[in-house]
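Hi,

Here is the structure I said I'd pass along. Have a look at it first, and then read on for what turned up when I went through the aromatic residues.

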Amino acid sequence: YSNISRNVGVDKILPYVALSEPFYIIPILGQPLTDELKEQISSSNITEENKGLIIKIAPALSLWTDYLAIRSLSYSITQKGIVKEHSENSEALDEKEVAEYKLDLKEKAEMATDLLIQYLCRCRETYPLWRPEKECLCEKYEPTEGNNETPFKPLMYFPIKGNLNKCKNKC
């Protein structure tokens with residue numbers, strides 16, 4: 001899911017994963033489900049349901065990581081100061097192109113995050129430990145029996161006028 005080249009060292013990416021997870025992912029999952037996932041991953045004993053959830057988490061986590069890392073990957077802090085890295089075979093983007101690229105990454109990360117929330121709302125019964133920080137995440141989604149199949153829904157959502165502020169008091 002990441003646009004970051006495989007040539008970039010993991011040591012340059014991990015700090016941004018460490019920022020993305022608590023800032024963008026854990027508030028959606030809630031601490032109990034996050035703890036369960038971490039425990040299962042560390043013990044290499046992941047349930048089938050949580051394997052499915054990890055597949056849904058990956059795009060959002062990856063895109064948010066890219067979003068946070070994008071500017072910093074071009075620079076290094078050395079004894080001489082902050083230096084811009086470049087390659088003989090590539091050309092750096094100008095500031096406007098970087099801003100457009102970063103905006104595109106943010107939009108994709110938000111879409112992936114929304115898909116993760118939709119999945120958790122549809123499969124709420126499958127994840128009893130799911131306790132998001134904002135209880136109103138599912139108000140715009142209809143719960144189903146907990147499967148991955150989604151019935152056809154129109155692409156546009158028109159809220160009912162009286163419900164526009166319903167979630168604001170809770171979140």
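A quick definition before the details: a residue counts as buried if its relative accessible area is under 20%, and as exposed if that figure is over 50%. Do keep in mind that this is a predicted model.

With that cut-off, tryptophan 64 is buried, because its relative accessibility is 5%. Tyrosine 67 is buried too, at 16%. Both belong to helix α3 (residues 48-69), and since they are three residues apart there, about one helical turn separates them.

Now the rings. Searching the whole structure gives four aromatic pairs. In one of them, tryptophan 64 and tyrosine 67 have ring centres 5.6 Å apart and planes at 85°, so this pair is edge-to-face. Tyrosine 67 also has a charge over its ring: the charged end of lysine 102 sits there, 4.9 Å from the ring centre.

Ring pairs also join Phe23, Tyr24, Trp64 and Tyr67 into a cluster. Phenylalanine 23 comes from helix α1 (residues 10-29). What is its relative accessible area, and is phenylalanine 23 buried or exposed? The value is 59%, so phenylalanine 23 is exposed. Along the sequence, phenylalanine 23 and tryptophan 64 are 41 residues apart, while their C-alpha atoms are 9.4 Å apart in space.

Cheers

Definitions and conventions: Residues numbered from 1 in each chain as written. Predicted model: local features only at pLDDT ≥ 70, side-chain atom pairs only at ≥ 80, totals over all residues. Heavy atoms only, no water. Helix = DSSP H or I, 4+ residues; strand = E, 2+ residues; numbered from the N terminus. Buried < 20%, exposed > 50% of the residue type's maximum accessible area, 1.4 Å probe, protein only. Phe/Tyr/Trp six-rings, centres within 6.5 Å; stacked < 30°, edge-to-face > 60°. Lys NZ or Arg CZ within 6 Å of the ring centre and 35° of its normal.
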